[in-house]
Amino acid sequence: MIGGLVVVLIGLTGSFIAFYREIDVALNPAFYAPASPEQKVTLSEVMRAAAAADPAPIATILAPDRTWPVWIVIHTHETAPGRYPNRWTTMVDPSNGKVLGRRDYVNAFALKVYRLHYTLLLYEWWGKELVGTAGFMLLGLAISGLVLWWPRPGLFWRSVSVRKNVSLLRFVLDIHSAAGFWALLVLLVISITGVGIVFPDMMRPIVGLLSQTTPDRSPRVEMPPSAETQLLPADAIARLAQAAKPGVAIAMFNPPTATRNTWRVQFRPDGADPAVRAWGAIWLDPWSGAVVHDRSPVAMSMGDRYLAEQLWLHNGAAFGLAGRLLVFAAGFAPLALFVSGLIMWLKRRPGGVRVTAARSSRRG
């Protein structure tokens, strides 16, 4: 019962976050309303405007897209060890460089629902691992449900449809069978990719049985021999990254950090659903601009591509709007299965059977 409720919660929040960016725009329109659609502001100007609004280190810079048509700069604030990262965002108008607003990123409503789905808001108490365990549970329920459902020859369509003019128990059983069957494939993909996202080290050797995989590292480069060598400006990094990967759009930048002294630039194919936040990345030397590591689709094995892109399979974005709508609908399947399964369990309890038998005996 408790495990089922957790799976239902994860399913419903999964439906929500399939469109969490659109929901966030609807709830906070002022943050996403640039004065003009023109892209006149450079990356360096965006970083300066964001730093003036919030001096905390910049972890990520999201480029404007169709859903969030503004620059979004994510700042990392100090966090107690073991706590969920404390991040704030600054929204910058791409047409004039003005700050449209800033907010607590992790506690904004849409993002909090995202955290509820990913960690049950229990990040400090193994919440992510609990969600991964729920993924195993969903996978087991889907497979065992398929075995129990498997119909006799000639009864396939009857077993995946809901009939009218039948008893309540028969009607509920039909709902249970139909919901489980029609959502089965999507639930299997969601559960397998969900487990892989939470437990990547466990999934890597399994995927490696089919295709070679390599660790996803954050490379460092050696300091230049001359201390006078200047770091390249952000605009130069952006130009070099685009030149290295023509034909794709830059989705986000990750400036150098204390543990990674390279720039990471992530891309999205032109015309891809903006819900695909990134589809490949390169790392650049901050002094020379040379590409020091390439993890774009053309440079990765099929196994590495699967591990890198399983999030977009998980939320349906890999298949565009149709895929996200499918995941949205499938998120309600655990609720339908839980409620119908609970009703059948209550109806079939020994007490219920004895009552039914006693009533039949009296009628006889």
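My entries follow, starting with the ground rules.

**Ground rules.** I'm working from a predicted model, where local features need pLDDT of at least 70, side-chain atom pairs count only at pLDDT 80 or more, and totals for chains, interfaces and linings use all residues. Residues are numbered from 1 along each chain as its sequence is written, and side-chain values use heavy atoms, with hydrogens and water left out.

**Helix α10.** I went to α10, residues 302–314. Helices here are DSSP runs of H or I with at least four residues, strands are runs of E with at least two, and both are numbered from the N terminus. α10 has 13 residues and spans 17 Å from first C-alpha to last, close to the expected 18 Å. That expected span is 1.5 Å times one less than the number of residues. I also noted a bend of about 50° at A308, taken as the angle between axes fitted to the seven residues ending there and the seven starting there. After the helix comes G316, with a positive phi near 85°.

Which residues of α10 are buried? I wrote down G303, D304, L307, E309, Q310, W312 and H314. Buried means under 20% relative accessible area, exposed over 50%, and partly exposed in between, with a 1.4 Å probe and protein chains only. The buried residues of α10 pack against α4 (109–119), α7 (168–198), α8 (200–208), β8 (291–295) and α11 (320–330).

**Aromatics.** How many aromatic pairs does the structure hold? I get nine. Rings of Phe, Tyr and Trp (its six-membered ring) pair if their centres lie within 6.5 Å; planes under 30 degrees apart are stacked, over 60 edge-to-face, and the rest tilted. F19 and F328 make an edge-to-face pair, 6.1 Å centre to centre with 75° between the planes. This pair links distant parts of the chain, 309 residues apart: F19 is in the loop between α1 (2–17) and α2 (20–27), and F328 is in helix α11. F19 is buried, at 16% relative accessible area, while F328 is partly exposed at 34%.

Next I looked at F181 and W182, whose ring centres are 4.9 Å apart with planes at 80°, so this pair is edge-to-face. F181 is partly exposed at 22%, and W182 is exposed at 54%.

I also found one aromatic cluster made of Y20, Y32, W68 and Y114. W68 turned up again under R21, whose charged end sits over the W68 ring, 4.2 Å from its centre. The cut-off for that is NZ of Lys or CZ of Arg within 6 Å of the ring centre and within 35 degrees of the ring normal. R115 lies over the face of Y84, at 4.9 Å from the ring centre.

**Strand β1.** Buried or exposed? Five of the five residues in β1 (58–62) are buried. β1 runs antiparallel to β2 (71–77), with four bridges, and T60 stands opposite I74. β1 also runs antiparallel to β5 (248–254), with two bridges, and there L62 stands opposite M252. Two strands count as paired if DSSP finds at least two bridges between them.

**W279.** Last, I checked W279, in the loop between β6 (263–269) and β7 (281–284). Leaving aside neighbours within four places in sequence, W279 contacts (heavy atoms within 4.5 Å) F267, R268, P269, P297, R305, E309 and A318. E309 is also on my list of buried α10 residues. W279 and I58 are 221 residues apart in sequence and 22 Å apart in space, C-alpha to C-alpha.
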